[in-house]
Amino acid sequence: MYLFTVLGNLIIILAVTSDPHLHIPMYFFLSNLSLIDIGFTSTTIPKLLMNLQSHSRAISYGGCLTQMSLFITFACTGSVLLTVMAYDRFVAICHPLHYSCIMNLHLCVSLLWVSFTLGLLESLLHNLIVLQLTCFRTVDIANFFCHPSQLLHLACTDSFRNEIVMCVIGILLGVLPASGILFSYCQILSSILKIPSAAGKYKSYSTCGSRLSIVSLFYGIGLGEYFGSALSISPRNHVVASVMYAVVTPLLNPFIYSLRNRNISRALERFHTRAFSVFAPAASR
């Protein structure tokens, strides 16, 4: 599953970077989302596979903090980038005549940097909270990676204030982006209703529906697991939810966003043709 996730996202990056026809904002964001998904899964799954191979779940304190930092950085960056992508579709569908002026290269790069900066900021805030804890009980973490709220539960001191801070962070950098996505797609659906063609409506609904399903999966399960973990809900539910948004969602992203896209398929066909024309003569010598 991990290899399929990495391969699928690498194919998207390869298709977008190799084809000039795809050098537009939508595919610029898609390729960066694929890169984030690779980092997102690579912070947890390789360690999980090593644990299964060695029959040991041990992880050092420094390793735990590093894993938590990278995971939160990629998760938050991906979350904000999904909001940016929803805004891009909102401008393209609701304001098509102004699209090229609004979504210029400078704005696209700026939005990408904002997404990454917010991811680093959330990671830094969680690290500051965890580093304040000076004492841990010797117990296992009820998950396959180091989750910040579960680290708080291992502390000997009262962590109620830190849990409140974490909930506020979750609302600002989780709930607000999700609300932005909901608003964008509501506006998009409103514009789709005005399309006179039934075929055009069906195509638009199909595209929006598939994207909303993956966004709902990521945000619904991710936020539920984040806040539920702080409220000490069943550890088994934590693991199932973590697997869903840390493993399944990045695996589905290439299929939902890109591999079903005709432009991506054509770009891959053109890349295959160019690669074959370069290597075939060399192989025949």
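Leaving aside its neighbours within four places in sequence, which residues is Ser184 in contact with? I will answer that in a moment, after the overall picture. Please keep in mind that this is a predicted model.

The protein has 285 residues, and 45% of them count as buried. It has eleven helices and zero strands. Read from the N terminus, then, the elements are α-α-α-α-α-α-α-α-α-α-α. Take the contacts between residues at least 6 apart in sequence: 75% of these join residues at least 24 apart.

Back to the opening question. Ser184 sits in helix 8, which covers residues 160–192. Once neighbours within four places are set aside, Ser184 contacts Ala86, Tyr87 and Phe90. Is Ser184 buried or exposed? Its relative accessible area is 6%, and the cut-off for buried is under 20%, so Ser184 counts as buried.

Next, the inside of the protein. The largest nonpolar core has 42 residues, and Leu81 and Leu82 have the most contacts inside it. Several elements give two or more residues to this core, including helix 1 (2–18), helix 2 (25–42), helix 4 (61–94) and helix 6. Helix 8, helix 9 (198–230), helix 10 (235–259) and helix 11 (262–284) are also on that list. Which helix gives the largest share? That is helix 4, with ten residues.

What does Leu81 touch? Not counting residues up to four places away in sequence, its partners are Phe29, Asn32, Leu33, Ile36, Leu112 and Ser115.

There is also a second, separate core, made of eight residues. Among them are Cys76, Leu173, Tyr226 and Phe227. As background, nonpolar side chains in soluble globular proteins tend to be buried together.

Now the outside. The accessible surface of the protein comes to about 15,100 Å², and 71% of that belongs to carbon and sulfur atoms. On the surface there is a nonpolar patch formed by Leu105, Val109, Trp113, Phe116 and Leu120. Together these residues have about 510 Å² of accessible area.

Phe116 lies in helix 6, residues 105–131. Why does Phe116 count as partly exposed? Its relative accessibility is 36%, and partly exposed means between the 20% limit for buried and the 50% limit for exposed.

Terms used. Residues numbered from 1 in each chain as written. Predicted model: local features only at pLDDT ≥ 70, side-chain atom pairs only at ≥ 80, totals over all residues. Heavy atoms only, no water. Helix = DSSP H or I, 4+ residues; strand = E, 2+ residues; numbered from the N terminus. Buried < 20%, exposed > 50% of the residue type's maximum accessible area, 1.4 Å probe, protein only. Contact = heavy atoms within 4.5 Å. Areas by Shrake-Rupley, 256 points an atom, 1.4 Å probe, with all protein chains shown as cover. Patch = residues over 30% accessible without salt bridge, like charges linked within 9 Å, V, L, I, M, F, W, Y side chains within 5 Å. Salt bridge = Lys/Arg side-chain N within 4 Å of Asp/Glu carboxyl O. Core = buried A, V, L, I, M, F, W, Y, C linked by side-chain atoms within 4.5 Å.
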